[in-house]
Amino acid sequence: MKNSESLSSLMQAAAEVARVAGAVAQRYYRSPSLEIRSKPNGTPVTNGDIASEQSARDWISSRFPDDGILGEEFGEERPGARRRWVVDPIDGTKTYLRGVPLWGTLVAVMEGAEVLAGAANFPALGELICGAPGEGSWINGEPAKVSLVGRLTDALVLTTDESLSGLQARRSGWLHLQEQSAMTRSWGDCYGYLLVATGRAEAMADAALSEWDAAAFLPIIEEAGGVFSDWDGARRIDGGSAIATNRALAQTVRAVLASPSPGGAA
């Protein structure tokens, strides 16, 4: 168990990494210098992603030389280290490429399976949120809190991709949730989790995502008063999916998403 002072320091460090790397990504955003190529899996990557992650790695290595680093673009460095940093330099690269400002730079600090601190920087929006267990969740230096909305019929629910391509069983649950909520939007990727943590939306559901997409948001959502899990309801960041909600609707949203078809029993 880490003491409060160390967790606070790690939260501030994660926020600073996200700030530094996000500033690098911002320099390439909507710039003629932006270059794009495809990864082996067909997804896009830019020179902004590469430069941003490199800046994060340089910052971490200079201050925490014994810590491991896992990043989306360069993989794992110092595997087996007691503590590791998890970095997504640009979460929402396709959004970034379109010149839409709803992308972010994500940083988490972990020891084993425990997330010690997380930060998410949204440079194009001027918002930075961070959190650590027992230290609260903070948006631009002010406390972040989930909403108190307790009825699904009053809730705004979000997802990254409403098609949930290749995940038909989960798509059925999403359609059921969409049917029962007040409003649904695909303000997705990291931006959806920011909206939940700051009370501007009640639920965010991703049927498929990676560890570096999820890790930063577990402490951010929980310290804002919400609930974070994978699609099966387990409190984890490596389950390949994620659901973030306010506390009032946590059980309802997860039950509806687990239902087999629109209109079926929750």
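Q: Which residue in S8 does Ala 120 stand opposite?
A: In this predicted model, Ala 120 faces Ile 129 of S8.

Q: What makes S7 and S8 a pair?
A: Two strands pair if there are at least two bridges between them. S7 (residues 114-122) and S8 are joined by five bridges, so they pass that cut-off, and they run antiparallel. They also form a hairpin, with four residues between them. In that turn, Gly 126 has a positive phi of about 70°.

Q: How do you know that S8 and S9 pair too?
A: Same test: at least two bridges are needed, and S8 and S9 (residues 136-139) have four, again in the antiparallel sense. One of the contacts to look for is Gly 131, whose bridge partner in S9 is Ser 137. This hairpin has three residues between the strands, and Gly 134 takes a positive phi near 80°.

Q: Why is Cys 130 called buried?
A: Buried means under 20% relative accessible area. Cys 130 comes in at 6%, so it counts as buried.

Q: What about the rest of S8: how covered is the strand?
A: Six of the six residues in S8 (residues 127-132) are buried. In a regular strand, side chains alternate between the two faces of the sheet. Here Glu 127, Ile 129 and Gly 131 sit on one side, with Leu 128, Cys 130 and Ala 132 on the other, and both faces are covered.

Q: Why is Cys 190 called buried?
A: Its relative accessibility is 0%, so Cys 190 counts as buried against the cut-off of under 20%.

Q: What makes up the lining of the largest pocket?
A: This pocket holds about 920 Å³ of space and is lined by 34 residues, with Gly 92, Lys 94, Thr 160, Asp 189 and Ala 208 nearest its centre. Elements giving two or more residues to the lining are strand S5 and helices H3, H5 and H6. By type, the lining divides into 13 nonpolar, eleven polar and ten charged residues.

Q: What lines the second largest pocket?
A: There are 13 lining residues, among them Met 110, Glu 114 and Arg 236. They split into six nonpolar, one polar and six charged, around a volume of about 170 Å³.

Key. Residues numbered from 1 in each chain as written. Heavy atoms only, no water. Buried < 20%, exposed > 50% of the residue type's maximum accessible area, 1.4 Å probe, protein only. 1 Å grid on protein atoms, 1.4 Å probe; cavity = no way out; pocket = protein on both sides within 12 Å on 5 of 7 lines; lining within 4 Å. Points joined across faces, edges and corners; volume = space filled by probe spheres on them. Nonpolar A, V, L, I, M, F, W, Y, C, P; charged D, E, K, R; others polar.
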